Amino acid sequence: MVRPCGLLTRLEEPVPLKSISVTLSICEFVAGVSATLNYENVEKTPLEAFFVFPMDEDSAVYSFEAMVDGKKIMAELQDKMKAHGNYENAISQGHQAFLLEEDKCSRDVFCCNVGNLHPGSKAVLTLKYVQELPLEADGALRYVLPAILNPRYQLSGWPEDSCLKMKTPVVPLEDLPYTLSMVATISSQHGIQRIQCNCPLSPIEYLGDDKTSAQTSLADGHKFDRDVELLIYYNEVHIPSVAVEMGKPTTEPDCLMGDPCAMVSFYPNIPEAQPPITYGEFVFLMDRSGSMRGPMSKQDKSQLRIEAAKETLMLLLKSLPIGCYFNVYGFGSCYEAFFKHSVKYSQRTMEEALRKLKLMQADLGGTEILTPLKNIYSGPSIPGHPLQLFVFTDGEVTDTFSVIKEVKSNNRRHRCFSFGIGEGASTSLIKGIARVSGGASEFITGKERMQSKALRALKRSLQPVVEDVSLSWDLSPGLSAKMLSPEQTVIFRGQRLIIYAQLTGMMPPAEATGEVCLKYTLQGKSFENKVTFSLQPKTDANLAIHRLAAKSFLQTKDMGFRETPANDKKDVLKVSIECGVISSHTAFIAINKDLNKPVQGPLVRRDIPRPILLCASSVMPRGGAYTKASSSYRPPASRPMRSTSYYSSMSYQQNCYDPHRSTISKSLYSLGEHPSRDFFSPMFVTHIGLNKHQALGDHRSKKKCMFLKKTSPEMARAHSSTSTTNLETHHTVFGDNHLVQLISLQKADGSWDLNEGLAMVLGMSLEDILAALPIQDGDSSGWATVLAVLWLHANAKDMKSEWELLERKAVAWIHIHAGSVMNVLMRAAIAFLKSSVDPAIFVL
């Protein structure tokens, strides 16, 4: 038997897709992308090829064309059902046909069909899109070329015609039969400071002395093991601006594409409120599906996703304000809640949450997020405490539109802050639920820390709400602005605001200018930002601003092929087809009618394989798709402590265990899991609210306490809760991560107790710390809290974003409980620690 030649799948089928080449052009904060797919049929029979690939949710795809054996065929954007019918008719008649569509269940997955590719024939397919680039906290503009499409958890009953239902073959990275190349050009009038990439690049070439332009390319050999991510730093990104783009004069009346279109970008200078608000209901919804057992990235010593999640939750719990309400949910095929309803934040409830957090694993199967969301929304609202929802997931869920619809239907009672974890997280899900609820979204990839991004979102949620947001225009007589973007109701400090408007009426002479003004109120004070701009529109052959404006409109109306209301569907179809921007209700179709050769028998189907990462394959059952598991609720209950040893609990995940992973995760594993371990050695003894002599006396008699606790469990249980804390809530330290240890010792009210754990972090003996207490018989907690705050500033300054909120809580506690002696404690602590930290850190 003659074996087939060329590149093969695991089933030894030739793969018609040979390469993907991308041309990227970034101007200011707009990216224009042209992606080319090169196909060749090396078999002896006609083929029909299917390629499923990821696309960022914000991409406005506006062009699709085919070049077949030298002939160019432009695709037409049609109603999706009509396009499917035309494609099937063309194939049946022997024509070549090409179909590009957005998946019916998720906006960030596309499918490209190549029909009737004859033996020896070559086809070059090119799709083009434009995209706004998000602004990172450090001022970087972020462009991501998605290369990873993780398996999506599929509920039974979802439509068979979803792209995600295709039995797409998966192959190891080293066997992937097609290549990826990318060439990038970046330009900004303000000058380029630097460019970073998570993948190897060719040497970056800067053009001009002022570095307003740069060129680079992706190094050969990209293995599809990660998304390609560019971070672009301009010399200035916070300058408000307005760009006006000329429309197409040949379009129909009242068409968006016919009139000039304005793109307004604001960077509101919203002051930080002091102090932040201390109320709210904070619900943390954490993905506990099997895929969360994978690493955060392919980097060596990368933290496991579930371990980073647990550490993040600990930081969030420590940073909450006293008096708020909170709860923690874990979801997979079923879901669990720490409490039946949200509880008031206190030392007791925080400790109980930390005990449950200690036991949390990625053990709940698939990714069914809709059921726990409905449970959260069905709960009664707490008067005076608006709901703030934090969702953490690697985004591997099928029907994102149903989830987005559920969040949108509850957007008047809450805000949602969403976090996409690892490579391949669904941008449609993560961005969609944040957008419809007035929240914010973040993606954590590579070496980025989930902890810092989550704490930044919590800080945003603790700021007062900006109210009475309005936009007014001052334009030439006879000219008016029609808003295309949804009404802006929420603005966060440090956030960029982009608004699109259609300019209708008589355009003025070239020298005319206009003005746009953003107004809002914060805590009763009025603010406004104004921008003056030229009314002379500029031409762009690709009509990038018009396409982005259309995409902005579609994102507010298009809730998916099945979820969009009838009235909105009519608007979606009109704008999508008029502007040439694809939606879930439209598809690009190209037919080559010149090639009319009869097909001998049925077309041979070829599904283009996609790469699969180790972290995704390790949690997939045989067959490549998740099996359906019933979605159910597990009531919150105090689980019995595991009887397995610390070491056996490590071997439970031996394939994933990394000895360099986070210290908090190791301590969470270890606490209470080894009955023979000496939990009452000096580093575990705690002293709560003791004065100098009480603490020192207890420390000197610790051996007697250790003996009693080991030999008399009844006495240990009877020990007053006012003199000891539950040791399960204090995490031991393995390695040298003293920051995590210090934070784990903080109490809910922001204070620290003077104990061996704190002494170990400070690197001093408890006796020496007590001896340095400047006030005879003074409360040791005030002294301990001042020392802890100083240590944070002196030793963890580069991690400030992760501890800033809990540090402010500590300083507020010092002012309330040690205000009369604060200066004495502060001066003594600085001298004792030989610190150069500015005492101004203790100012509220």
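This is a predicted model: local features need pLDDT of at least 70, side-chain atom pairs count only at pLDDT 80 or more; totals for chains, interfaces and linings use all residues.
Residues are numbered from 1 along each chain as its sequence is written, and side-chain values use heavy atoms, without hydrogens and water.

**Overall make-up**
- The protein chain holds 21 helices and 34 strands (DSSP runs, numbered from the N terminus: helices are H or I, at least four residues; strands are E, at least two).
- Of its 844 residues, 58% count as buried (under 20% relative accessible area, 1.4 Å probe, protein chains only).

**Nonpolar cores**
- A nonpolar core is a set of buried Ala, Val, Leu, Ile, Met, Phe, Trp, Tyr and Cys residues joined through side-chain atoms within 4.5 Å.
- The largest has 87 residues.
- Helix α19 (residues 780-795) gives the largest share of this core, nine residues.
- A second, separate core of 82 residues includes Ile20 and Val30.
- Phe390 is among the residues with the most contacts inside the largest core.
- Beyond four places in sequence, Phe390 is in contact (heavy atoms within 4.5 Å) with residues including Phe282, Phe417 and Leu458.

**An open sheet**
- Eight strands run in the order β5-β4-β9-β2-β1-β12-β15-β14, with mixed pairing (strands pair if DSSP finds at least two bridges between them).
- The edge strands are β5 (71-74) and β14 (205-207).
- Strands β1 (residues 17-27) and β2 (residues 30-40) pair in the antiparallel sense over ten bridges.
- Ser21 has Thr36 in β2 as its bridge partner.

Definitions and conventions: Buried means under 20% relative accessible area, exposed over 50%, partly exposed in between (1.4 Å probe, protein chains only).
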